[in-house]
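My notes are kept in the order I checked things.

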Amino acid sequence: IKLLHSELGITPAQEPEWTTFAEVMRDNAKHMEQRLNQRSTTFKEMTAVANLDSYAAIAQEHASDMQRLANAFRPLYGSFSEEQKATADAIFRYRPPPHRAGTQQGR
């Protein structure tokens with residue numbers, strides 16, 4: 001998160017939108033970590049059908065989390081200069097936003 005903040009050149013005026021976006025990233029990571037941990041505790045006992053259902057539920061939750069992230073990013077992106085937008089476009093084109101706590105720590 002810190003690296004992304006730096007790469008995007010977040011200004012003091014953009015901090016409120018950035019804070020909202022960063023909170024959603026953190027919340028999404030916690031949510032996914034909890035879901036994956038829950039899945040791992042029952043994985044060995046899952047039937048094939050339960051495994052597929054569990055994976056499908058995680059995929060749906062991930063999609064919802066990504067929509068929340070996009071909604072939180074939209075106002076921040078709208079506040080960007082053209083240079084910041086170009087940087088964000090390049091970053092997100094080649095490095096999608098993290099969704100797991102371990103991935104976020106490096107940001």
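The entries below go from a helix pair to the salt bridges and then to one further residue.

**Entry 1: the model.** I note at the start that this is a predicted model.

**Entry 2: a helix pair.** I looked up how helix 2 (residues 15-42) and helix 3 (residues 48-78) are placed. Their axes come within 8 Å and cross at roughly 175°. Helix 2 is therefore roughly antiparallel to helix 3. I then sorted the residues of this contact by class and found 15 nonpolar, six polar and six charged.

**Entry 3: salt bridges.** How many salt bridges does a search of the whole structure find? The search gives three. I went through them in turn.

I took the pair of glutamate 61 and arginine 35 to begin with. Their side chains meet in a salt bridge at 3.2 Å, N to O. Glutamate 61 belongs to helix 3 and arginine 35 to helix 2, so this pair ties together parts that are 26 residues apart in sequence. I checked accessibility for both partners. Glutamate 61 is partly exposed, with a relative accessible area of 24%, and arginine 35 counts as buried at 17%.

Next I looked at arginine 68 and aspartate 65, whose side chains form a salt bridge at 2.0 Å, N to O. The two are three residues apart in helix 3, which means that about one helical turn separates them. Arginine 68 is partly exposed at 42% relative accessibility.

Then I turned to glutamate 82 and lysine 85, where the closest N and O atoms of the salt bridge are 4.0 Å apart. Both residues lie in helix 4, three residues apart, about one turn of the helix. I have glutamate 82 down as exposed, with a relative accessible area of 61%.

**Entry 4: aspartate 65.** Is aspartate 65 buried or exposed? I find a relative accessible area of 2%, so aspartate 65 is buried, the cut-off being under 20%. Leaving out residues up to four places away in sequence, I list Asn28, His31 and Met32 as the residues that aspartate 65 touches.

**Entry 5: threonine 87.** I located threonine 87 in helix 4 (residues 82-94). Threonine 87 has a relative accessible area of 28% and is partly exposed. Which residues does threonine 87 touch, not counting those up to four places away in sequence? I find Glu7 and Leu8. For leucine 8 I also noted the C-alpha to C-alpha distance to threonine 87: 6.5 Å in space, with the two 79 residues apart in sequence.

Methods: Residues numbered from 1 in each chain as written. Predicted model: local features only at pLDDT ≥ 70, side-chain atom pairs only at ≥ 80, totals over all residues. Heavy atoms only, no water. Axes fitted to C-alpha atoms, helices over the stretch in contact; angles between N-to-C directions. Helix = DSSP H or I, 4+ residues; strand = E, 2+ residues; numbered from the N terminus. Parallel < 35°, antiparallel > 145°, perpendicular 65-115°, else oblique. Nonpolar A, V, L, I, M, F, W, Y, C, P; charged D, E, K, R; others polar. Buried < 20%, exposed > 50% of the residue type's maximum accessible area, 1.4 Å probe, protein only. Contact = heavy atoms within 4.5 Å.
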